[in-house]
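Hi there,

Here is the structure I promised to pass on to you. Please open it and keep it beside you while you read the notes below.

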Amino acid sequence: MRFNPYLSIKNSTKDWFTKKQLEVLAWPTNSPDLNVIENLWAIVKRKIRDRKPTTLDQLKQNIATAWEAVSAETCDKLVKSMPRRLQAVIQAKGAATKY
């Protein structure tokens, strides 16, 4: 599937780019390979799912507990993974990576 940058742009914006003779770059609106928050969300979701909340109050408490349990080291590791992520995306020529 090819990314179409015009799918997420309003007609008035498209017209403006056309009038200004500007090229819209093919840039995905969301690139999980380059977004460490996606990995952080996955960690938090696993912690919540493992506790199996059955009420809304339990879910709220589990969310707070899961976020508090994420260490600074985990966040640091994710941030430090960016050079590897960038290299993987470059090598994959923009296709999906293991990240």
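Below is what I found, starting with confidence and moving on to single residues.

Please keep in mind that this is a predicted model. The average pLDDT of the chain is 83, and 83% of the residues reach at least 70. Where is confidence highest, and where is it lowest? The highest mean, 95, belongs to helix H4 (residues 72–80), while the lowest, 84, belongs to helix H1 (residues 11–19).

Next, have a look at helix H2, which covers residues 36–51. Lys45 sits in this helix and, together with Arg46, Lys47 and Arg49, forms a patch of positive charge on the surface. Is Lys45 buried or exposed? Its relative accessible area is 51%, and because exposed means over 50%, Lys45 counts as exposed.

As background, most residues other than glycine have a negative phi.

Gln21 is not a glycine, yet its phi is positive, at about 55 degrees. You will find Gln21 in the loop between H1 and H2. Its relative accessibility is 73%, so Gln21 is exposed.

Lys52 is not a glycine either, and its phi is also positive, at about 50 degrees. Lys52 lies in the loop between H2 and helix H3 (56–69). With a relative accessible area of 63%, Lys52 is exposed.

Happy exploring, and write back with any questions!

Best wishes

Notes:
Residues numbered from 1 in each chain as written. Predicted model: local features only at pLDDT ≥ 70, side-chain atom pairs only at ≥ 80, totals over all residues. Heavy atoms only, no water. Patch = residues over 30% accessible without salt bridge, like charges linked within 9 Å, V, L, I, M, F, W, Y side chains within 5 Å. Areas by Shrake-Rupley, 256 points an atom, 1.4 Å probe, with all protein chains shown as cover. Salt bridge = Lys/Arg side-chain N within 4 Å of Asp/Glu carboxyl O. Lys, Arg positive; Asp, Glu negative; His and termini not counted. Charge placed at Lys NZ, Arg CZ, Asp CG, Glu CD. Helix = DSSP H or I, 4+ residues; strand = E, 2+ residues; numbered from the N terminus. Buried < 20%, exposed > 50% of the residue type's maximum accessible area, 1.4 Å probe, protein only. pLDDT = per-residue confidence, 0-100.
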